[in-house]
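Subject: Handing over a structure

Hi,

Here is the structure I promised to pass on to you.

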Amino acid sequence: MLIINDICKTFNPGTINEKKAISGLSLHLKPGDFVTVIGGNGAGKSTMLNAVAGVWPVDSGRIIIDGADVTGQSEHKRAAHIGRVFQDPMMGTAPNMQIEENLALALRRGQKRGLRWGVTNSERREYRERLSRLGLGLEDRMTVKVGLLSGGQRQALTLLMASLRKPKLLLLDEHTAALDPATAEKVLQISDEIIHENNLTAMMITHNMKDAIEHGTRLIMMDQGRIILDIEGEEKRNLTREELMNKFAQVAGRTMESDKMLLSKNCA
C-alpha cells in the first residue's frame, strides 16, 4: 500500500543551518497496517509524514502509494488519496461552516465542484448515522458551526471527514497532542474504531510511548532520520515500556533519559 524507498531530505543544504532530517529511510506498509511511529524531537517523524503527504519534495528516493509513484506529485494531487488529521484541532475543518457542510466538503474531495454542492437529504441521513457512532451527540448538532465545538469534538469530526471517502492512506500527525488526557483517550478510541471499521492503512505519529504501544498493529521507532526499530505481531502485543526503552538503548547506543517528551508522566 505504501512503499518508501531510500528517501533522503536535508533542509537548508550548504548553509550553517543545514539539517539532515531523513537519511536513507525505507518503509513498506501492507494494506490494513496501522503503524504507530515514535521517536524523540528531531527524530524525523514529522518530516517522513510530510514527505509522504507531499508537503515538500524529497532530495532522493521514491514514494509509492497503492502502486502509483507519487514522488513528484504535489500535495494537492496526493490529497485525493490521503486522509490527514493534524495536531492542531483548528486545522482540517472550516470553522465558519456547519458540521454537515464540512462533511459535504469532505465527501466531495477530489471532485469537480459546481454551483450545486449543497447537502442532500440522503447525505444528511448518512452523516447523522456516522456522527452517532462517535458518541459525542454531534448527530443532533449538524447545523452548528464547527468553530463552536471543543477541541476533542473537532478532532473527532476531522477523523470522520478524513475517512469518509476511505483514503488509501490515513495520516495522524500527533492528533491528540493538544488535547487533555481524557479527551485524547476518547479521540484515540474513535481513531481505532474508524480505522478498524473501514480497514484503513494508517500511520500515527506520537510522542507518547504508552499510546504507541497500546494502539496500532505495528510500532516503528525513529532516531536521527532513520528507522531503528520495527515491531509487530505478538512481539508488539506483549511489548512493555521498559522493553521498548531497552531495545532503544541497544540499537541507538544510548538511553532515553535526555528525552523529556518520551519520558513524561503522560507516557507512563
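Let me begin with a residue pair: in strand β4, Ile64 is the bridge partner of Ile3. Please keep in mind as you read that this is a predicted model.

Another pair in it is Ile4, which stands opposite Ile63 of β4. The sheet as a whole is open, with 4 strands in the order β2-β1-β4-β5 and antiparallel pairing. Its edge strands are β2 (19-29) and β5, each of which pairs on one side only. Helix α1 (residues 45-53) packs on this sheet, where it touches β1, β2 and β4, and its direction makes about 115 degrees with that of β1.

At the β5 end, β4 and β5 (residues 68-69) run antiparallel and are joined by 2 bridges. Here Ile64 turns up again, standing opposite Asp69 in β5. The two strands make a hairpin with 2 residues between them, and Asp66 in the turn has a positive phi of about 50 degrees.

**The six-stranded sheet**

There is also an open sheet of 6 strands, with mixed pairing and the order β6-β7-β8-β3-β9-β10. Its edges are β6 (82-85) and β10 (226-232); each has a single partner strand, so one side of each is left without a neighbour in the sheet. From one strand to the next, the twist averages 20 degrees.

Within this sheet, β3 (residues 34-38) and β9 (residues 218-223) run parallel and are joined by 4 bridges. Thr36 stands opposite Leu219 of β9. Helix α5 lies across β6 and β7 (169-173), and runs at about 175 degrees to β6.

**How the helices pack**

How do α5 and α6 pack, and at what angle? The axes of α5 (residues 151-163) and α6 (residues 181-198) are 9 Å apart, at an angle of about 15 degrees. That angle makes α5 roughly parallel to α6, and α5 passes α6 in a right-handed crossing. On the α5 side the contact is made by Gly152, Gln155, Ala156, Leu159, Leu160 and Ser163; on the α6 side, by Thr183, Val187, Ile190, Ser191 and Ile194. These residues divide into 6 nonpolar, 5 polar and no charged.

Helix α5 also packs with α3 (residues 99-107), at an angle of about 30 degrees and with the axes 8 Å apart. Angles under 35 degrees count as roughly parallel, and α3 and α5 are therefore roughly parallel to each other. Their crossing is right-handed. In this contact, Ile99, Asn102, Leu103 and Ala106 of α3 meet Leu157, Leu160 and Met161 of α5. By class, that gives 6 nonpolar residues, 1 polar and no charged.

What about α3 and α4, and how do their axes cross? The axes of α3 and α4 (residues 121-132) come within 11 Å and cross at roughly 105 degrees, and the two helices are therefore roughly perpendicular to each other. Here Ile99, Glu100, Leu103, Ala104 and Leu107 in α3 meet Glu123, Arg124, Tyr127 and Leu131 in α4. This contact has 6 nonpolar, no polar and 3 charged residues.

**Confidence**

Before you set anything up, here is the confidence picture. The chain has a mean pLDDT of 88, and 92% of its residues reach 70 or more. Among its elements, β3 has the highest mean pLDDT (96) and helix α9 (residues 241-252) the lowest (87). Over residues 263-268 the pLDDT is below 50, and beyond near neighbours in sequence this stretch has 14 contacts in the model.

Happy to talk any of this through.

Best wishes

Conventions:
Residues numbered from 1 in each chain as written. Predicted model: local features only at pLDDT ≥ 70, side-chain atom pairs only at ≥ 80, totals over all residues. Heavy atoms only, no water. Axes fitted to C-alpha atoms, helices over the stretch in contact; angles between N-to-C directions. Parallel < 35°, antiparallel > 145°, perpendicular 65-115°, else oblique. Left-handed = near helix turned anticlockwise from the far one by under 90°. Contact = heavy atoms within 4.5 Å. Nonpolar A, V, L, I, M, F, W, Y, C, P; charged D, E, K, R; others polar. Pairing = 2+ DSSP bridges. pLDDT = per-residue confidence, 0-100.
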